[in-house]
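Please study the sequence and the structure before reading the solutions.

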Amino acid sequence: GSTTGTSVVLGAGKQALYFSKGLIPFPRDGEIDNLPLHLHIGLYGYRREVLKQFTELPQSPLELVEKLEQLRALENGISIQVVVVDTGGRSLHSVDSPEDLLRVEEIIKNEGELLS
């Protein structure tokens, strides 16, 4: 499948260390066969008090550069627990525009729902 979208680097206990629209971790030696690559689906669950705290924070420097709001949480000490999901070889695509939504709808039509 396709690998467009957002990647995430995980720490111990599957805590998110960083998110990027670029490929992370970056394989400096060119070797990608054993790259611990995780693509981010982006479904969040917040406790009410954390969501209130998050929405009151100003946009952060990394968030503004990457255009990823989850970096605001990480930059302000709010941890993000990640759940690894087997995509079953389905294509992944980010949804950042109405055109992207149409593309994702086409992927779902052709490949089926990820969770059933």
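**Exercise 1: The pocket lining**

Task: State how the lining of the second largest pocket divides by residue class, and which elements contribute to this lining.

Solution. Step 1. By class, eleven nonpolar, ten polar and seven charged residues form the lining of the second largest pocket. Here Ala, Val, Leu, Ile, Met, Phe, Trp, Tyr, Cys and Pro count as nonpolar, Asp, Glu, Lys and Arg as charged, and the others, Gly among them, as polar. The model is a predicted one, in which local features need pLDDT of at least 70 and side-chain atom pairs count only at pLDDT 80 or more, while totals for chains, interfaces and linings use all residues. Residues are numbered from 1 along each chain as its sequence is written, and side-chain values use heavy atoms, with hydrogens and water left out.

Step 1. The volume of this second largest pocket is about 650 Å³. A pocket is an open set of points on a 1 Å grid over the protein atoms alone, where a 1.4 Å probe fits, with protein on both sides within 12 Å along at least five of seven lines; lining residues have an atom within 4 Å of a point. The volume is the space filled by probe spheres set on the points, which are joined across faces, edges and corners.

Step 2. Strand E3 (38-40) and helix H4 (98-111) are the elements that give two or more residues to the lining of the second largest pocket. H4 gives the most, with four residues. Helices (H or I, at least four residues) and strands (E, at least two) are DSSP runs, numbered from the N terminus.

**Exercise 2: Strand pairing**

Task: Determine in which sense E1 and E2 pair, and over how many bridges.

Solution. Step 1. E1 and E2 pair in the antiparallel sense, over four bridges; pairing requires that DSSP finds at least two bridges between two strands. Serine 7 stands opposite serine 20 in E2.

Step 1. E1 and E3 also pair in the antiparallel sense, over three bridges. Valine 8 stands opposite histidine 38 in E3.

**Exercise 3: Backbone exceptions**

Task: Name the residues that a cis peptide bond joins, and describe phi of lysine 14.

Solution. Step 1. Most residues other than glycine have a negative phi, and most peptide bonds are trans.

Step 1. Isoleucine 24 and proline 25 are joined by a cis peptide bond, with omega about -5°. Proline 25 is found in the loop between strand E2 (16-20) and E3.

Step 2. Lysine 14, in the loop between strand E1 (6-10) and E2, has a positive phi near 60°.
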